[in-house]
Amino acid sequence: PYIILQFSPLILIPSILILYEQGREGGWQLCTALLLFSVGKIIHDLDTEIHQLTGGISGHSIWHLFAAAAPYQLVQMHRLQQSQHNELHEESIQHPQ
């Protein structure tokens with residue numbers, strides 16, 4: 001179960017880009033989320049080296065920042081899509097065909 005949690009974004013985010021129209025509309029945000037998650041995993045794997053290099057900040061700590069930033073991109077994508085949907089809905093109410 002832990003491995004599924006750790007690596008599911010690497011499978012799910014590209015799948016969303018390929019399979020869903022909403023994913024294509026927010027493609028840059030999905031790609032950013034995937035990039036943040038991937039870089040975060042690399043940083044996490046270099047935990048000891050980063051701790052030695054920084055003199056006290058662990059790669060695991062930095063990974064948490066990247067792990068939080070990745071889903072934030074997805075939230076922003078959802079907000080943008082909701083805003084666009086609401087604008088289209090309001091326009092269709094104001095100018096029915």
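**Leu46.** I started with Leu46, which is partly exposed because its relative accessible area is 38%. My cut-offs are under 20% relative accessible area for buried, over 50% for exposed and partly exposed in between, with a 1.4 Å probe and protein chains only. Leu46 sits in the loop between helix 3 and helix 4. I then checked its separation from Gly59: 13 residues in sequence, 6.1 Å in space, C-alpha to C-alpha.

**Ground rules.** I am working on a predicted model, where local features need pLDDT of at least 70 and side-chain atom pairs count only at pLDDT 80 or more, while totals for chains, interfaces and linings use all residues. Residues are numbered from 1 along each chain as its sequence is written, and side-chain values use heavy atoms, leaving out hydrogens and water.

**Whole chain.** I count five helices and zero strands in the protein chain. I take both as DSSP runs numbered from the N terminus (helices: H or I, at least four residues; strands: E, at least two). Along the sequence the pattern reads α-α-α-α-α. Of the 97 residues, 22% count as buried. I also looked at contacts between residues at least 6 apart in sequence, and 50% of them join residues at least 24 apart. Contact here means heavy atoms within 4.5 Å. The accessible surface comes to about 7,200 Å², and 65% of that belongs to carbon and sulfur atoms. Those areas are from the Shrake-Rupley method with a 1.4 Å probe; for residues, only the protein chains shown count as cover.

**Helix 3.** This one covers residues 27-45, and Gln29 is in it. Buried or exposed, I asked, is Gln29? Gln29 counts as buried, because its relative accessibility is 4%. Leaving aside residues up to four places away in sequence, Gln29 touches Gln73, Gln76, Met77 and Leu80. Other buried residues in helix 3 include Leu30, Ala33, Leu36 and Phe37. I checked the length too: 19 residues reach 27 Å from first C-alpha to last, close to the 27 Å expected at 1.5 Å a residue. The expected span is 1.5 Å times one less than the number of residues.

**Ser58.** Next I went to the loop between helix 4 (47-54) and helix 5 (59-94), where Ser58 lies. Ser58 is at 16% relative accessibility, so it counts as buried. Its side chain makes a polar contact of 2.9 Å with that of Ser61. By polar contact I mean a pair of N or O atoms within 3.5 Å; within protein, one must be able to donate a hydrogen and the other to accept it, and residues adjacent in sequence count only if both atoms are side-chain atoms. Not counting residues up to four places away, Ser58 touches Asp47, Ile50 and His51.

**Helix 5.** How far apart are the end C-alpha atoms of helix 5? They are 53 Å apart, which agrees with the 52 Å that 36 residues should span at 1.5 Å a residue. Among its buried residues I noted Gly59, Trp63, Gln73 and Met77. Pro71 is also in helix 5, and it is partly exposed because its relative accessibility is 39%. Pro71 and Leu36 are 35 residues apart in sequence and 9.2 Å apart in space, C-alpha to C-alpha.

**Ile3.** Last, I looked at helix 1 (residues 2-19), where Ile3 is placed. Ile3 is exposed because its relative accessible area is 56%.
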